[in-house]
Structures are given as C-alpha cells and as structure tokens.
Amino acid sequence: MAERNGVRDRVVLITGATSGIGLAAATALAGRGARLALVGRDPARTQAAAAQVATAAGGTRPELFLADLGSLAAVRRLAADALERLPRIDVLVNNAGVLFTQRKLNADGFERTWATNHLAPFLLTTLLLDRLRTDAPSRIITTSSVAHQGYQIPFDDLDATARYGAMRRYGETKLANILFTRELARRLAGSGVTANCFHPGLVATNFARNNGGLAALAMTLLKPVARTPQKGAETLVWLADAPEVSAISGGYFVDRKQVQPSAAACDDAAAR
C-alpha cells in the first residue's frame, strides 16, 4: 500500500487541540491541506481554536469534538462519535496531557494524571484501531516527554496510593506513552499503520496552570527559556506529514531526530 504524499486531504484527529502544541500543530497541518478534527474540553476554547484553524485552511472549518479525556466514558463516546462522523482517520494525534500537584481519583476510580495521560490515549487508540487499519497507510503520534527519564512504571501501585509526587507521576505517564508506542508498533507491524512518539521540549503553554498559584508561577518563570508552541509542534507536524518517516514505527523523536529513550522505555516486557 503506497504512502500518500504528505497530509494534504488527509483526516487528522488531534486531542488537546485548543491551545499550545495541539493548536499550533493543527494550524500548521491545516495550512498544508489536511482536514482537521479537533478534540477539546471547553466549548468556547474549542470554537476559538476552530476559527484559527479555519483561517489557516482557507476557510474550511474543522470537525469539532468535545470530550473530557479524564473520563473513560467520555473517551468511549468520543471514539464512537469520531467513527460515525469522520469519513476516515489517517492520522491520530494523542496530544492531550495534564499534571496535577495533588493526588485525586477520577469518576472511574483511577488517579487523574494516569487516567488522562495514559489510559485515555490507550483506550482511544484501541477503539479507533480498526478504522486506522482500514484507512492505512495511517499514523499514530503520541506526545511524550523527556520527563520520562529516571522513572519506572509502578506496576504494583498504578494509582500512586503509596507515593505521589506531581513530577514523578507525570514522568511515569510519559514513560507509559513510550512503552505503549513501542508495543503498539510491534503489534501493528505489516499493517500499514505506524506508531511514534516525541518530546516537544519545554514549551510556553497553559500546561499545569490548572494547579493554582505555585504551579502557575513556575510556568511563568520558565516562560523566558521555553519554546513557542509553534516550535514545540514542529516534530509533531513532521511526524504527521513527512514521507521519510512513513516506514518508521516505534520511534521516540526529539527535534525531528529519532533518539534512544531511557533504558526503562526500551523494556519490551514492561511494554507488553
């Protein structure tokens, strides 16, 4: 099955698409002729993102989906809605991510950071996998982070009941993203569907500002040394569009280069 020439006329579904890296990537891909489907949580912000993407697309408005990815029931509704409304899915971008300074459980009984950053993309990808196979060649891209380094998956305490630290938990979920990508690529070998993930760098976005004063202050102080969302989105856009990565699967990328993640992220037993 021959790879298409870039993203022109391809349907790209992006979670976390209303700000930051997701919105920057959606805008760039729309400018390259892709047909965007945006997933957001807040109706007003989702509509504002749609207007920006439509401008980049020369007036063509994206499809919009509202979902709180902290809820697995909402993820299931999102998948069913996407399968019903989208004519095809050529690129799935699992970009939504959170960091919570305090441990809390979601409505499903899972710790919120783990649920949003790992369980949601795992479930969404799984529910859309048959369509992605049917529409192959297709691509799955997941936003990970260099923050995975130094951590292991706490298989004996997945909800962090014994020990919770915001950065530790975030790092564990970003490690899970890489391991998921690695195992997914192995299972999809020969299907025409590729799976890759990337580190966007430290990006000046609204990330972690939901945690109140100290977290918001930290992000403000980091802003002068942070990348723009457009710079942070470059590798995402490249992974979605570039012909030269059409046959690469299971990779972890930084600044459009495939690099070796941590030893824990290369553990095939943990990935399975």
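## Contacts, helix packing and aromatic pairs in a predicted model

Leaving aside its neighbours within four places in sequence, A56 touches T27, A30 and G31. The model is a predicted one, and A56 has its place in helix α2, which covers residues 43-56. With a relative accessibility of 29%, A56 counts as partly exposed. Between the C-alpha atoms of A56 and V93, which are 37 residues apart along the chain, the separation is 19 Å.

### Helix α4 and its partners

Two packed helices are described by the angle between their axes and the distance between the axes. For α4 and α5 the axes come within 8 Å and cross at roughly 20 degrees; because angles under 35 degrees count as roughly parallel, these two helices are roughly parallel to each other. The crossing in which α4 passes α5 is right-handed. On the α4 side the residues that meet α5 are T113, W114, N117, H118, P121, F122, T125 and L129, and their counterparts in α5 are R169, Y170, E172, T173, K174, A176, N177, F180 and L184.

Helix α3, residues 72-85, also packs with α4: the axes come within 9 Å and cross at roughly 25 degrees, and α3 and α4 are therefore roughly parallel to each other. This crossing of α3 and α4 is right-handed. The contact is made by L72, V75, R76, L78, A79 and L83 of α3, together with L119, A120, L123, L124, L127, L128 and R131 of α4.

### Aromatic pairs

A pair of aromatic rings is described by the distance of the centres and the angle of the planes. A search of the whole structure finds 2 aromatic pairs, which are set out in the table.

| Pair | Distance between centres | Angle between planes | Class |
|---|---|---|---|
| F122 and F180 | 5.2 Å | 45 degrees | tilted |
| W238 and F253 | 5.6 Å | 70 degrees | edge-to-face |

Why is the pair of F122 and F180 called tilted? Planes under 30 degrees apart count as stacked and those over 60 as edge-to-face, with the rest as tilted, and the planes of F122 and F180 stand at 45 degrees, so the pair is tilted. This pair links distant parts of the chain, since F122 belongs to helix α4 (residues 112-134) and F180 to helix α5 (residues 166-187), 58 residues apart. F122 counts as partly exposed at 39% relative accessibility, whereas F180, at 10% relative accessibility, counts as buried.

In the edge-to-face pair of W238 and F253, W238 lies in helix α8 (residues 234-241) and F253 in strand β7 (residues 252-254), so the pair ties together parts that are 15 residues apart in sequence. W238 is buried, its relative accessible area being 13%, and F253 counts as buried at 1% relative accessibility.

### The surroundings of helix α8

Helix α8, which carries W238, is mostly covered, with 7 of its 8 residues buried. The buried residues of α8 are T235, L236, V237, W238, L239, A240 and D241. Against which elements do the buried residues of α8 pack? They pack against α1 (20-31), β4 (91-94), β5 (138-143), β6 (193-199), α7 (229-232) and β7.

### Charges over rings

### Backbone features

A cis peptide bond, with omega about 10 degrees, joins A136 and P137, and P137 is found in the loop between α4 and β5. Positive phi values in residues other than glycine include that of D9, near 65 degrees, and that of A160, near 55 degrees. D9 has its place in the segment before β1 (11-15), and at 48% relative accessibility D9 counts as partly exposed. A160 lies in the loop between β5 and α5 and is buried, with a relative accessible area of 4%.

Notes:
Residues numbered from 1 in each chain as written. Predicted model: local features only at pLDDT ≥ 70, side-chain atom pairs only at ≥ 80, totals over all residues. Heavy atoms only, no water. Phe/Tyr/Trp six-rings, centres within 6.5 Å; stacked < 30°, edge-to-face > 60°. Helix = DSSP H or I, 4+ residues; strand = E, 2+ residues; numbered from the N terminus. Buried < 20%, exposed > 50% of the residue type's maximum accessible area, 1.4 Å probe, protein only. Axes fitted to C-alpha atoms, helices over the stretch in contact; angles between N-to-C directions. Parallel < 35°, antiparallel > 145°, perpendicular 65-115°, else oblique. Left-handed = near helix turned anticlockwise from the far one by under 90°. Contact = heavy atoms within 4.5 Å.
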